[in-house]
Amino acid sequence: MPWLALCTAVVTEIIWGLSLKWAPTTSRPLVAALIPIVLSFLNMGLLSYAMRFLPAGLSYALWTGLGSIGVAVGGNIVTDAFGVVAMVAMTPLITVQLMG
């Protein structure tokens, strides 16, 4: 169950990061403000639950590393914010940092 919580925390971290890019583009400011806030609380709750059973360093490293890769790849897919060259160059670097 802690691994499922950690995986869900990573997914909510990715959606949270992408929602920050989406928030200013919507015509409903209350919804745009509430979605990142709710995702942030959910994200922290899931991460703290996972850290009760898994080593803190491992949990945090996986959460930040996979979240960073997910936001970078997702941001490039959704908005083409980084460009293909930067994405090809940066994703392996983030992956190497994640491995240690």
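Good morning. The structure is a predicted model, in which local features need pLDDT of at least 70 and side-chain atom pairs count only at pLDDT 80 or more, while totals for chains, interfaces and linings use all residues. Residues are numbered from 1 along each chain as its sequence is written, and side-chain values use heavy atoms, with hydrogens and water left out.

I begin with the whole chain. Its secondary structure comes to four helices and zero strands; here helices (H or I, at least four residues) and strands (E, at least two) are DSSP runs, numbered from the N terminus. Along the principal axes, the C-alpha atoms fill a box of roughly 40 × 35 × 15 Å. Of the 100 residues, 32% count as buried, a term that means under 20% relative accessible area, with a 1.4 Å probe and protein chains only. Among contacts (heavy atoms within 4.5 Å) with a separation of 6 or more, 66% are accounted for by residues 24 or more positions apart.

Let us turn to helix α1. This helix has 21 residues and reaches 30 Å from its first C-alpha to its last, close to the 30 Å expected at 1.5 Å a residue; the expected span is 1.5 Å times one less than the number of residues. Its buried residues include P2, A5, L6 and S19, and what covers the buried residues of α1 includes α2 (29-53) and α3.

Why does S19 count as buried? The reason is that S19 has 6% relative accessibility. Not counting residues up to four places away in sequence, S19 touches I35, P36 and L39.

Next, helix α3. Its 24 residues should span 34 Å at 1.5 Å a residue, and its end C-alpha atoms are 33 Å apart, which agrees. Among the buried residues of α3 are S59, W63, G67 and G70.

How do the two helices meet? The axes of α1 (residues 2-22) and α3 (residues 56-79) come within 8 Å and cross at roughly 40°; axes are lines fitted to C-alpha atoms, for helices over the stretch in contact, and angles run from 0 to 180 degrees between N-to-C directions. Therefore α1 is oblique to α3, since angles under 35 degrees count as roughly parallel, over 145 as roughly antiparallel, 65 to 115 as roughly perpendicular and the rest as oblique. Residues making this contact include W3, L6 and A9 of α1 and L58, S59 and L62 of α3.

Thank you for your attention.

Conventions. Buried means under 20% relative accessible area, exposed over 50%, partly exposed in between (1.4 Å probe, protein chains only).
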